[in-house]
Amino acid sequence: MKLRDAPSACPSLWRCLPCPPAELRLDLVLSSGQSFRWWESSPGAWTGVLGGRVWTLRQDGDRLWYTVYGEEDEHEEEQQGGCPAKAAKLDAAETDRILRDYFQLDVGLSALYRAWGAADPLFRKVANDFPGVRVLRQDPVECLFSFICTSNNHIFRITAMIERLCQAFGRRLCCLDSRPFHAFPSLSALTGADAEARLRALGFGYRAKFVSGSARAIAEGLGTEGLCQLRTEPYAEARRVLCALPGVGAKVADCVCLLSLDKAEAVPVDTHVWHIARQRYGVALGGKSLTPRAYQEIGDFFRGLWGPRAGWAQAVLFCADLHKGQNQPAASIGPGRADAGRAMGMGPSRDTPGGTVT
């Protein structure tokens, strides 16, 4: 099946949502280490897996365009131009809902930017060059196991690891221009007796035991439904439950809370953010290392500064940091350096996932 990279390719198979760039910038959000399933398939077009389907997204002015590939489409003959002769029919209202939910488009981002800028001159200094950075609302299982893989890692390598994970354990969805796409593995697929060995063979190293161990712990305890129900629990309780899982510390737990469990106040903190809090914001912290107490104090400081969506504000500053070193603002550059960058909220150095603006 051919990839459709613009509405001009099979116009009847594309839909759009109203969405100005101030509310969403695909190039910033999808390359910034929040998710590892998206690929810039052609300039301005992003193809990836969401909700067990393969999508291509594109922005044009104040519109967010999308097309969804059905598994059935792959077996249909193609007409001239590469369009399926009889494309699978999708529920337009449902696909609109999935996309709005994933990007949390009901949250007014422009108003939040104004509030954060009024409260924080440092935020205001960088925000104009990085509009439309919002937090994704991901599937909790996918988010958890993706971020277990981020420790001491960088976006390019994490993305490759997640791709191998999906190919080995996930259901095949379709093939676009000879490139196969797979769903993220189910919890049950990761609990097999040989899962850890298979993951080590795929290059997961010490993370293999954490992925398989957490899969078993959830399967024998919360279950997938219980993990999703953490969305209704208070932030502190959700983080406590996550931190009891193998390979999940405070940083990973906060990333999962922020990016999949509706805890907008979660602020992932690492040594990078610790230095920023001390040096840029003048936060007085005891000790010379990032202790659990210091971790909590830094998160509380930013929650006090930025309010109940502090994690969203940090995502903007992190995105600005990811593009640091380029002479042009994000308004005129693509996501090139993101492949060499850090996953959101993770890691102590510029070569591993980090937290916010330096």
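Which residues lie on one side of E3 and which on the other, and are they buried or exposed? Ala45, Thr47 and Val49 sit on one side, Trp46, Gly48 and Leu50 on the other, and all are buried. Here, buried means under 20% relative accessible area, exposed means over 50%, and partly exposed is in between, using a 1.4 Å probe and protein chains only. So both faces of E3 are covered, and in a regular strand the side chains alternate between the two faces of the sheet. Counted up, six of the six residues in E3 are buried.

Before going on, a word on what you're looking at. This is a predicted model, where local features need pLDDT of at least 70 and side-chain atom pairs count only at pLDDT 80 or more, while totals for chains, interfaces and linings use all residues. Residues are numbered from 1 along each chain as its sequence is written, and side-chain values use heavy atoms, with hydrogens and water left out.

Now zoom out to the sheet. Five strands make up an open sheet, in the order E1-E5-E4-E3-E2, with antiparallel pairing. Strands (E, at least two residues) and helices (H or I, at least four) are DSSP runs numbered from the N terminus, and two strands pair if DSSP finds at least two bridges between them. At the edges you'll find strand E1 (15-18) and strand E2 (38-42), each pairing on one side only. From one strand to the next, the twist averages 30 degrees.

Let's follow E3 to its partners. Four bridges link it to E2, and serine 42 stands opposite alanine 45 in E3. These two strands form a hairpin with two residues between them, and glycine 44 in that turn has a positive phi of about 85 degrees. On to E4: six bridges join strand E3 (residues 45-50) to strand E4 (residues 53-60), with glycine 48 opposite tryptophan 55 in E4. E3 and E4 also form a hairpin with two residues between them, where glycine 51 in the turn has a positive phi of about 60 degrees.

Elsewhere, helix H8 (residues 207-220) holds serine 214. Serine 214 counts as buried because its relative accessibility is 0%. Leaving aside neighbours within four places in sequence, serine 214 is in contact (heavy atoms within 4.5 Å) with Phe145, Ile148, Leu245, Pro246 and Val248.

Key. Axes fitted to C-alpha atoms, helices over the stretch in contact; angles between N-to-C directions.
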